[in-house]
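Open the model in your viewer and get ready to click. This tour tells you what to select next and what is there.

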Amino acid sequence: MSIITNINKVFDHRIRLGIMSILMVNEYADFNMLKELLGATDGNLASHTKALEKAAYIKVEKQFIGRKPNTRYSTTKLGEAEFKKHINALEKLINKQ
Amino acid sequence: MESKDYLKDISEIKDLMNKSSRFISLSGLSGILAGIYALIGAAIAYWLVVEYSSGTLVLNGKIFRLVMLDLFLIAFLSVVTGIILTTRKAKKNGANMWDSSSRRLVVNFLIPLIAGGIYILIILGQQKYGQTGALMLLFYGLALVNASKYSIGDIRYLGFIQIILGLICAWIPGYGFWLWVLGFGVMHIVYGTWMYFKYDIKK
């Protein structure tokens, strides 16, 4: 049962897992890059990034490139650690069967 | 049934990590064609030098300029072919040709290449011609190794081979021409064919 507790409810969604996967291997990603890679709508993606931000797993930076607003996302230390735990738990669950 | 979902999650995670950090739509076919161009170019250069320059290349002579033009045309054709075929493959994969992953690939490929190119021009200006061939192979190899972190990992091995050929070329400059034929011609064809069968055919 102890393995089950490592499955993180915050990551329990395709888009959120996707956001974390992309941010784990990239220094940062902006909103459009995430949108393109995940094939999500603006509203959908925004609600999931907000959830991850609320859990303090990702950092959000708003800035301007020229006149265009640009939102950049990156992982926090906590987010990285939790994501790794989550992946390990997933792998253990798979191997168990 | 649940474990199947988790398995799908994991494979999707891996796929996204790859797609977001590496540009993998490089076309194997363009490698083959670049190699073939290089061999044709080498044959022309060889013919020019043997036929009109009695086997030796006089710097700044007419034949030398023709050989340089030959070299430039081959490089240009290879780059254009590469861009066209890669764009086609990226489109087929539904990937964006000019996104952050391809930009990163190009930048990291160009850093050693441009640094090397400028260095070669500087020492050419100082009348040191002997190592030019070796340096081109060497810097091209370094550029490939550097770029491999942002693309198909196998490019790394092509880079190692070019570096080794470059070092051999520095050691025995007399065989420079044949090492070039091997590095820029034969190795591109071998590598392109390998990539073609490994990645392009499967889909």
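A pocket is an open set of grid points where a 1.4 Å probe fits, with protein on both sides within 12 Å along at least five of seven lines. Keep in mind that this is a predicted model.

Stop 1: Go to the second largest pocket, with a volume of about 1,600 Å³. Select Arg22(B), Phe23(B), Ile24(B), Ser25(B) and Ala95(B): of the 48 lining residues, these are the closest to its centre. Now colour α4(B), which gives the largest share of the lining, six residues. What classes make up the lining of this pocket? There are 15 nonpolar, 16 polar and 17 charged residues.

**Stop 2: where the chains meet.** Show chain A and chain B together. The contact takes 19 residues from chain A and 15 residues from chain B. The two chains bury about 1,500 Å² between them, 71% of it on carbon and sulfur atoms.

Next, select Glu12(B) and Arg14(A). Their side chains form a salt bridge, 2.6 Å from N to O. Then colour α2(A): with seven residues, this helix gives the most to the side of chain A that touches chain B. By class, that side has twelve nonpolar, four polar and three charged residues.

**Stop 3: one tyrosine.** Select Tyr37(B), in helix α2 of chain B. Beyond its neighbours within four places in sequence, Tyr37(B) contacts Ile74(B), Leu77(B), Ser78(B) and Thr81(B).

Definitions and conventions: Residues numbered from 1 in each chain as written. Chains lettered and ligands numbered in written order. Predicted model: local features only at pLDDT ≥ 70, side-chain atom pairs only at ≥ 80, totals over all residues. Heavy atoms only, no water. 1 Å grid on protein atoms, 1.4 Å probe; cavity = no way out; pocket = protein on both sides within 12 Å on 5 of 7 lines; lining within 4 Å. Points joined across faces, edges and corners; volume = space filled by probe spheres on them. Helix = DSSP H or I, 4+ residues; strand = E, 2+ residues; numbered from the N terminus. Nonpolar A, V, L, I, M, F, W, Y, C, P; charged D, E, K, R; others polar. Contact = heavy atoms within 4.5 Å. Buried area = accessible area lost by both parts, 1.4 Å probe. Salt bridge = Lys/Arg side-chain N within 4 Å of Asp/Glu carboxyl O.
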